[in-house]
Amino acid sequence: MNSSDAMREGLIALLPRLRRLARALAWQVADADDLVQVVLERALARAEQWRPDAALDKWVFAIARNAWRDELRARNRSQNLFAPEEDGDTVADVAAAPPAQRLELAMALAALPPDHREVVALVLVEGTSYSEAAELLEVPVGTVTSRLARARATLQAHLGTEA
């Protein structure tokens with residue numbers, strides 16, 4: 001089996017973890033699926049950049065992180081829209097809201113800065129170690145630790161002390 005075949009087999013085995021990471025980053029199923037597709041396309045197009053002696057998951061997760069950051073930057077540039085005035089009529093309409101806990105969690109996670117959300121996704125959702133997350137994010141372990149601590153404090157402030 002050559003390195004290209006090995007990489008393709010590795011990508012197939014990595015799909016469940018990649019989908020979990022994408023969902024943790026994007027929080028929308030369609031966006032997560034799009035992100036997975038972009039990541040796989042980039043990985044296959046740049047297959048010659050992967051070294052067989054390097055960890056495939058770290059390389060693919062780095063591609064995912066960078067692709068999601070690219071998407072966020074593009075959205076910020078292209079979607080600077082204000083909501084129509086009539087949308088304000090249903091803001092306090094409890095009947096129009098999804099289940100309260102899911103909404104609260106989604107809002108709390110959305111309030112996190114992207115770099116904090118990435119650390120939460122890698123450490124708390126994906127279960128990577130602090131050192132693995134630091135390597136993947138290309139930051140010191142202390143930065144991962146402090147981002148995670150700030151993210152947890154922010155989430156606790158949004159969700160209350162019983163969270």
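**Entry 1: the second largest pocket**

I started with the second largest pocket, which holds about 270 Å³ of space. My working rule, on a 1 Å grid over the protein atoms alone: a pocket is an open set of points with protein on both sides within 12 Å along at least five of seven lines, a cavity is a set where a 1.4 Å probe fits but cannot get out, and lining residues have an atom within 4 Å of a point. Grid points are joined across faces, edges and corners, and a volume is the space filled by probe spheres set on the points.

This is a predicted model, so I kept to its limits: local features need pLDDT of at least 70, side-chain atom pairs count only at pLDDT 80 or more, and totals for chains, interfaces and linings use all residues. Residues are numbered from 1 along each chain as its sequence is written, and side-chain values use heavy atoms, with hydrogens and water left out.

Of the 14 residues that line the second largest pocket, I noted Ala 55, Lys 58, Trp 59, Ala 62 and Glu 138 as the closest to its centre. H3 gives the most to this lining, with 6 residues. Helices here are DSSP runs (H or I, at least four residues), numbered from the N terminus. By class I got 7 nonpolar, 2 polar and 5 charged residues; Ala, Val, Leu, Ile, Met, Phe, Trp, Tyr, Cys and Pro count as nonpolar, Asp, Glu, Lys and Arg as charged, and the others, Gly among them, as polar.

**Entry 2: cavities**

How many cavities of 30 Å³ or more does the whole structure hold? My search gave 2. The largest has a volume of about 50 Å³, and its lining is made by Leu 21, Leu 25, Phe 61, Arg 65, Glu 118, Leu 122, Leu 136 and Leu 137.

Around it I listed Leu 25, Trp 68, Leu 72, Pro 114, Arg 117 and Glu 118, with H5 giving the largest share, 3 residues.

**Entry 3: salt bridges**

Next I looked up salt bridges (a side-chain nitrogen of Lys or Arg within 4 Å of a carboxyl oxygen of Asp or Glu), and the structure holds 9. Asp 57 and Arg 17 pair at 3.2 Å, N to O. Asp 57 sits in H3 and Arg 17 in H1, so this pair ties together parts 40 residues apart in sequence.

Glu 126 also meets Arg 17, at 2.9 Å, N to O. That pair links the loop between H5 and H6 to H1, 109 residues apart. I have Glu 126 as buried, at 11% relative accessible area, and Arg 17 as partly exposed, at 26%. (Buried is under 20%, exposed over 50%, partly exposed in between, with a 1.4 Å probe and protein chains only.) Arg 17, Arg 20, Asp 57 and Glu 126 are linked in a network of salt bridges.

Glu 118 and Arg 69 form another bridge, at 2.7 Å, N to O. Glu 118 is buried, at 3%.

**Entry 4: helix H7**

Last, I checked H7 (residues 141-159): at 1.5 Å a residue its 19 residues should span 27 Å, and its end C-alpha atoms are 27 Å apart, which agrees. The expected span is 1.5 Å times one less than the number of residues. Val 144, Arg 147, Leu 148, Ala 151 and Leu 155 are buried in H7. Seen down the axis, the buried residues of H7 fall within an arc of 100 degrees, so they line one face of the helix; the arc is that of the directions from the axis to the C-beta atoms.

Definitions and conventions:
Helix = DSSP H or I, 4+ residues; strand = E, 2+ residues; numbered from the N terminus.
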